[in-house]
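Let's learn to read a protein model together, one feature at a time. Take a look at the sequence and structure first.

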Amino acid sequence: MTARPATDTRLTPKDYWSGDAFAREVAGVLAAGWIAVCRSEEVAGPGAQKAVMVATTPVLVARREDGAVAALSNVCRHRALTLVEGEANGPVVRCPYHLWAYGLDGRLQAAPFMDGVDLKGCDLPTYAAQEWGGWVFVNLDGRAGPLADLLAPLAADIGPERLAGWTVGFRLAFEHDWNWKVMVENFSESYHHIGAHRDTLQPLWPGGQSDSSASTERWIELRHTDHPDAGTLNVFTVFPFFMLAMSD
């Protein structure tokens with residue numbers, strides 16, 4: 001058997017089930033990219049706080065008094081309790097266990113009965129956060145390039161001002177046993193319309209007639225034929241994990 005060259009980036013079956021492979025992807029792909037975590041309207045006013053997950057990291061998204069969005073660790077530095085379950089609101093983030101309080105910048109502001117104790121290093125870790133098109137994006141390792149550059153093709157095709165006007169209709173949450181790449185791969189092709197969606201999407205937008213010629217190594221765009229009643233279906237995937245489908 002010939003070993004793969006060190007520079008070979010092709011996926012193998014093991015990349016879809018191995019815990020080691022997933023750990024590498026969390027650190028090298030998901031933590032390194034911009035991940036959409038919620039809509040801006042969900043943290044609309046000063047003090048609004050929302051718990052989200054970015055890969056395997058608990059994150060708290062908050063709206064500061066100056067209107068900027070912040071992303072903080074959602075784990076107390078004292079005994080590692082989750083700070084916020086779901087949503088909260090207020091000028092501080094308060095741990096329900098021992099009432100440690102953190103500012104929306106992550107700095108520890110109060111720790112009851114800890115006078116004289118050296119609490120240096122007890123601030124919450126913070127992460128890069130930006131808004132675009134009404135979404136809040138988070139980058140865990142702080143090394144991702146400008147979000148606007150990544151989404152420039154989407155801005156050219158749709159425009160963030162149009163997307164910013166959207167509101168949340170409903171949210172569907174589900175657990176799945178498949179690797180995250182399966183979701184990205186399935187979303188980014190319409191070939192499966194002929195089977196999985198033969199009675200729904202296939203009659204409207206035939207999978208064999210989709211056009212992906214505008215795609216790049218970082219960006220997938222699927223254009224479908226116009227349907228006289230249902231209009232046009234455009235599908236966008238921005239790596240690593242931002243997926244958007246629009247019908248006009």
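Q: Before we start, what does "buried" mean, and what counts as a helix or a strand?
A: Buried means under 20% relative accessible area, exposed means over 50%, and partly exposed lies in between, using a 1.4 Å probe and protein chains only. Helices (H or I, at least four residues) and strands (E, at least two) are DSSP runs, numbered from the N terminus. This is a predicted model, where local features need pLDDT of at least 70 and side-chain atom pairs count only at pLDDT 80 or more, while totals for chains, interfaces and linings use all residues. Residues are numbered from 1 along each chain as its sequence is written, and side-chain values use heavy atoms, with hydrogens and water left out.

Q: Which residues of helix 5 are buried?
A: They are Trp 180, Lys 181 and Val 184. Looking down the axis of helix 5, you find these buried residues within an arc of 100 degrees, so they line one face of the helix. The arc is that of the directions from the helix axis to the C-beta atoms.

Q: What covers the buried residues of helix 5?
A: Contact here means heavy atoms within 4.5 Å. The cover includes helix 1 (19-30), strand 12 (233-238) and strand 13 (242-247).

Q: Is Lys 181 buried or exposed?
A: Lys 181, which sits in helix 5 (residues 180-187), has a relative accessible area of 8%, so Lys 181 is buried. Leaving aside residues up to four places away in sequence, Lys 181 touches Leu 11, Asp 15, Tyr 16 and Glu 25.

Q: What polar contact does the side chain of Lys 181 make?
A: A polar contact is a pair of N or O atoms within 3.5 Å; within protein, one must be able to donate a hydrogen and the other to accept it, and residues adjacent in sequence count only if both atoms are side-chain atoms. For Lys 181, the side-chain partner is the side chain of Asn 179, at 2.8 Å.

Q: How do I read the two sides of helix 1?
A: Start with its buried residues: Ala 21, Glu 25, Val 26 and Leu 30. Seen down the axis of helix 1, they fall within an arc of 140 degrees, so they line one face. The face turned away from that buried side carries the exposed residues Asp 20 and Arg 24. Cover for the buried residues of helix 1 includes strand 1 and helix 5. At the start of helix 1, a side-chain oxygen of Ser 18 comes to within 3.2 Å of the backbone nitrogen of Asp 20.

Q: Now for sheets: what holds strands together?
A: Strands of a sheet pair through backbone hydrogen bonds, either parallel or antiparallel. Two strands pair if DSSP finds at least two bridges between them. In this model, an open sheet of seven strands has antiparallel pairing and the order 1-10-9-4-3-2-5. Strand 1 (35-39) and strand 5 (87-89) are at the edges with a single partner strand each, so one side of each has no neighbour in the sheet.

Q: What is the strand order in the open sheet of three strands?
A: The order is 6-7-8, with antiparallel pairing. Its edge strands, strand 6 (92-94) and strand 8 (108-110), each pair on one side only. Strand 7 (residues 101-103) pairs with strand 8 over two bridges, and Ala 101 stands opposite Ala 110 in strand 8.
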